[in-house]
Amino acid sequence: MKKFIMAFLVWGQLSYALDETPLIQCDHDHSRPSTIDKLLQWFSSEDDEIMNAPCKSKILPTEYEMMDFIDSKTKGSVKNSKIHGVKFVKEKSELLDAYRDIVTAKDSYGIAENKENQRKLQSEYEINPECQKVLCSLEKVWGREYAIKMLYIKLKYGFNVSEFAFDNASRFKLDELNDVLLALEDIPSHFLPLGSGNRPLIHFERGKNLGTYKEKTLANAVVMIFDYWDLESRPKRQYTIFHEMAHNISSHLDQMDRSPEWLDLSGWIKKGDNWERSGSGCFVSDYSKVNPWEDFAESVSKYRYNGKAFKSQCPRKYEFIKKKVFKNIEYLSNESCSTELKENAKHL
């Protein structure tokens with residue numbers, strides 16, 4: 001948690017200047033027929049490449065699989081507790097901690113508590129006396145399917161998708177949450193949990209946008225998802241989530257997207273406050289040419305969803321991502337993926 005927060009403190013100087021936060025912006029107009037060609041040039045992978053990528057998660061984990069994982073991660077002590085008026089009896093400590101994060105109102109980054117926005121759950125939803133366990137309490141508010149997926153994402157990936165927990169958040173629709181989950185399932189297991197503490201992965205308030213962003217911003221690495229993401233195809237929505245996870249992977253790897261080795265490999269040169277390409281770098285998309293961190297996120301996404309083309313197009317960069325990020329796991333065929341990843345793709 002400290003490592004990630006420090007990265008944001010450096011970028012934002014305690015004010016979290018979002019114009020410096022890695023994000024996906026899409027400059028295409030869905031109303032015009034010519035936009036598809038422009039989109040395919042802008043991002044590193046097309047819809048069919050994303051969906052047909054080796055070991056791509058196409059089928060959501062079952063309720064049994066998610067509950068089995070939740071149970072495996074919550075084997076600590078049990079205790080009684082009261083959280084925002086809701087009483088729990090002999091509940092697992094890990095579940096109580098997750099519940100507290102999910103229902104406690106904080107700022108947009110999950111750091112400072114916002115008591116003015118705190119929901120009075122017991123009086124709103126009459127959780128007790130019927131429910132005295134975390135999952136039952138969550139079901140009262142979100143329904144069983146959503147509640148299980150919310151807990152699973154929190155415990156496995158370290159991200160909090162609750163709209164109650166952060167300023168300016170809206171609830172994901174179930175199909176949107178499914179795309180978020182499918183994208184997260186594509187993250188290599190050696191990075192899990194990629195989030196830590198109370199990391200947000202939220203849909204920003206619908207009908208609104210941050211003033212510092214362009215109207216057609218899809219998402220940022222905080223992670224916030226914006227309305228324009230809703231209009232994308234399901235493969236592209238999953239791609240967008242994975243792209244933002246790639247920014248978080250860089251943070252996990254000590255800001256690899258700003259490392260001298262990466263900058264040299266890609267031919268990036270800093271001139272004042274701007275980045276310029278020397279001409280010696282190989283780039284996987286137009287978006288990867290924007291700056292070093294978008295170059296990194298697009299390269300990681302290309303590696304995951306279109307590895308054959310990436311290896312042929314930019315072999316030196318491919319080898320860097322292979323060794324430094326994916327620990328030699330490749331996605332060139334289903335046979336090349338690890339046994340663990342094959343298990344995720346068992347329904348292909």
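What we have is a predicted model, in which local features need pLDDT of at least 70 and side-chain atom pairs count only at pLDDT 80 or more, while totals for chains, interfaces and linings use all residues. Residues are numbered from 1 along each chain as its sequence is written, and side-chain values use heavy atoms, with hydrogens and water left out.

Let me begin with pLDDT, the predictor's confidence in each residue on a scale from 0 to 100. The chain has a mean pLDDT of 86, with 85% of its residues at 70 or more. Over residues 1–19, however, the pLDDT is below 50, and this stretch has 34 contacts in the model beyond near neighbours in sequence, a contact being heavy atoms within 4.5 Å. Residues 342–348 also have pLDDT below 50, with 14 such contacts. Where pLDDT is low, the predicted coordinates should not be read in detail.

Now to the helices, which are DSSP runs of H or I with at least four residues, numbered from the N terminus. Helix H8, residues 144–157, meets helix H7, residues 134–142, with axes that come within 7 Å and cross at roughly 125°; the axes are lines fitted to C-alpha atoms over the stretch in contact, and angles run from 0 to 180 degrees between N-to-C directions. That makes H7 oblique to H8, where under 35 degrees is roughly parallel, over 145 roughly antiparallel, 65 to 115 roughly perpendicular and the rest oblique. On the H7 side the contact includes Leu138 and Trp142, and on the H8 side Ile148 and Leu151. Its residues divide into 9 nonpolar, no polar and 2 charged, with Ala, Val, Leu, Ile, Met, Phe, Trp, Tyr, Cys and Pro counted as nonpolar, Asp, Glu, Lys and Arg as charged, and the others, Gly among them, as polar.

H8 also packs with helix H4, residues 63–72, where the axes come within 10 Å and cross at roughly 45°, which makes H4 oblique to H8. Among the residues making this contact are Met66 and Phe69 of H4 and Ile148 and Leu155 of H8, and by class the contact has 8 nonpolar, no polar and 4 charged residues.

Finally, the structure holds 2 disulfides, each a pair of cysteine sulfur atoms within 2.5 Å. In one of them, cysteine 131 and cysteine 136 have their sulfur atoms 1.9 Å apart, and with -45° about the S-S bond this link is left-handed.

Terms used: Helix = DSSP H or I, 4+ residues; strand = E, 2+ residues; numbered from the N terminus.
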